[in-house]
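User: Hi, I have just opened this one and would like a hand finding my way around.

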Amino acid sequence: MPEQITILGDGAMATVCSILLKSGGHGVTMWGAFEESIERLLQDREQRKLLPGVRIPKEVRLTANDADAFAGATMVLSAIPTQYMRSAWARLKPHVPAGVPVVTVAKGIENGTLLRPTQIIADALGGWTRNPLAALSGPNIAAEIAKYLPATAVAGADDEALARRVQSVFSTQWFRVYTNDDITGVELAGATKNVIAIAAGILEGLAAGNNAKAALVTRGIVEITRLGVAMGAKAATFAGLAGLGDLITTCFSPDSRNRTVGERIGKGQKLEQILATMDSVAEGVPTTRSVMQLARRHNVDMPITEGVHAVLFEGRDAIDALTGLMTREPKPEWGE
Ligand SMILES: NC(=O)c1ccc[n+]([C@@H]2O[C@H](COP(=O)([O-])OP(=O)(O)OC[C@H]3O[C@@H](n4cnc5c(N)ncnc54)[C@H](O)[C@@H]3O)[C@@H](O)[C@H]2O)c1
Ligand SMILES: O=P(O)(O)OC[C@H](O)CO
């Protein structure tokens with residue numbers, strides 16, 4: 001059944017979701033936080049910097065007006081980067097229709113609160129019961145979906161009926177959606193893989209080779225699963241599309257912003273310099289701080305995350321961090 005979907009955000013993911021949902025026969029309104037950005041989109045029908053060459057269909061309604069954004073909405077999609085979610089949702093709260101399901105595609109953990117995207121929304125809106133919440137996550141590089149290349153995702157929700165509704169809304173011939181009742185795992189996997197993807201980029205920048213990259217992906221999934229399980233997620237979710245699937249694409253795709261940040265660091269650039277030249281968001285950078293704190297809080301060993309944290313925020317040299325990982329005390333592959 002066609003739905004009327006309000007997409008919050010006007011970045012790369014919001015843009016591809018507008019195309020995807022419109023192709024599925026749904027009505028779409030896209031809201032942006034900044035008037036100038038929506039004005040530009042109304043003129044160009046294209047996010048020239050974030051997703052060049054990809055046209056936003058004329059049927060997609062564009063607005064920067066908070067109240068107008070939710071007219072007729074039967075579902076809301078939040079495509080706002082994690083660290084901006086709280087302020088955006090607090091601003092929009094008076095206009096969000098109660099009872100309408102909210103789906104998030106954000107992949108991060110909020111700094112300070114250490115909350116997952118759906119938890120941030122619940123917090124901002126004043127409770128889970130006001131709006132049912134779901135997360136959509138998986139190997140979803142926006143630039144590929146925009147070219148109608150085949151992709152898959154997981155609709156995570158506590159409520160099975162909601163997960164199935166999200167699955168049905170987002171499914172097209174080239175976008176296959178599975179359901180998963182482990183929303184904690186779906187969100188944690190999507191956030192933590194970004195930290196490992198920064199490490200993959202660092203290896204790329206150091207020209208460390210594919211054996212090293214394979215080791216990173218394999219040991220990376222082990223450590224993010226360990227954190228997830230300690231926080232109540234299912235290990236199987238991390239072995240699925242939202243975990244291993246997304247980790248692989250993000251570690252290997254040249255289009256990944258997180259991997260690109262790492263690559264530039266591996267080549268010797270400074271983080272501040274990299275971030276100053278990026279138009280788009282690399283969620284893994286602030287999320288590394290949050291994941292490091294979660295690891296400490298839950299007493300989970302996360303040596304790769306520790307290494308990324310040290311390189312990004314403690315001035316550690318990338319080669320030194322890699323040597324540190326390679327010379328840790330010998331241990332069995334499985335176990336503590
Ligand atoms: N791009 C992808 O391939 C992709 C795929 C899957 C999931 N995601 C996730 O989607 C989320 C959005 O990422 P994106 O790639 O669409 O973003 P982007 O990097 O393309 O664009 C950044 C967006 O942030 C918005 N923004 C900047 N400051 C803001 C503020 N103060 N308040 C509100 N909004 C602000 C900008 O208007 C813009 O829409 C992220 O959590 C990302 O991890 C992205
Ligand atoms: O470009 P990145 O690194 O933010 O990755 C985008 C998506 O999360 C890939 O699934």
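Analyst: We can go through the domains, the ligand surroundings and some helix pairs, one topic at a time.

User: Is this an experimental or a predicted model?

Analyst: This is a predicted model.

User: Okay, which domains is the protein chain divided into?

Analyst: The protein chain is divided into domain 1, which covers residues 4-181, and domain 2, which covers residues 185-326. Taken over C-alpha atoms, the centres of domain 1 and domain 2 are separated by 24 Å.

User: And how many residues of each domain are in contact with the other?

Analyst: On one side there are 28 residues of domain 1, and these are in contact with 29 residues of domain 2. On the side of domain 1 that touches domain 2, at least two residues each are supplied by α3, α4 (117-125), β6 (133-137), β7 (151-156) and β8 (175-180).

User: Which of those gives the largest share?

Analyst: The largest share of that side of domain 1 comes from β7, with four residues. By class, the side of domain 1 that touches domain 2 has 13 nonpolar residues, eleven polar ones and four charged ones.

User: Switching to the ligands, what surrounds ligand 1?

Analyst: Ligand 1 is surrounded by 28 residues, and the closest are G11, A12, M13, A142 and S280. The shell around ligand 1 takes at least three residues from domain 1 and at least three from domain 2. Sorted by class, the residues of this shell are 16 nonpolar, nine polar and three charged.

User: Which helices supply at least two residues of that shell?

Analyst: Both α1 (12-23) and α3 (82-92) supply at least two residues each to the shell around ligand 1, and α3 gives the most, with four residues.

User: You mentioned α10, so how does it cross α8?

Analyst: The axes of α8, which spans residues 210-230, and α10 come within 10 Å and cross at roughly 150 degrees. That angle is over 145 degrees, so α8 counts as roughly antiparallel to α10. The crossing of α8 and α10 is right-handed.

User: Which residues meet there?

Analyst: From α8, the residues K213, L216, V217, G220 and I221 meet G243, L244, L247, I248 and C251 of α10. In this contact of α8 with α10, seven residues are nonpolar, two are polar and one is charged.

User: How do α14 and α15 pack?

Analyst: Helix α14 (residues 303-313) and helix α15 (residues 318-326) pack at an angle of about 160 degrees, and their axes are 9 Å apart. The two helices are therefore roughly antiparallel to each other, and the crossing of α14 and α15 is right-handed. The contact is made by P303, I304, G307, A310 and V311 of α14 together with A318, A321, G324 and L325 of α15, and by class it has seven nonpolar, two polar and no charged residues.

User: One last pair, at what angle do α7 and α13 pack?

Analyst: Helix α7 (residues 183-205) and helix α13 (residues 284-297) pack at an angle of about 110 degrees, with 9 Å between their axes. That makes α7 roughly perpendicular to α13, and α7 passes α13 in a left-handed crossing. The residues that meet are A191, T192, N194, V195, A197 and I198 in α7, and G284, T287, T288 and V291 in α13. By class, this contact of α7 with α13 has five nonpolar, five polar and no charged residues.

Notes: Residues are numbered from 1 along each chain as its sequence is written. Chains are lettered from A and ligands numbered from 1 in the order in which they are written. This is a predicted model: local features need pLDDT of at least 70, side-chain atom pairs count only at pLDDT 80 or more; totals for chains, interfaces and linings use all residues. A residue is near a molecule or strand if its C-beta atom, placed from the backbone, lies within 6 Å of it. Ala, Val, Leu, Ile, Met, Phe, Trp, Tyr, Cys and Pro count as nonpolar, Asp, Glu, Lys and Arg as charged, and the others, Gly among them, as polar. Domain bounds come from an automatic or database domain assignment. Axes are lines fitted to C-alpha atoms, for helices over the stretch in contact, and angles run from 0 to 180 degrees between N-to-C directions. Angles under 35 degrees count as roughly parallel, over 145 as roughly antiparallel, 65 to 115 as roughly perpendicular and the rest as oblique. A crossing is left-handed if the near helix is turned anticlockwise from the far one by less than a right angle, and right-handed if clockwise. Two residues are in contact if their C-beta atoms, placed from the backbone, lie within 7 Å.
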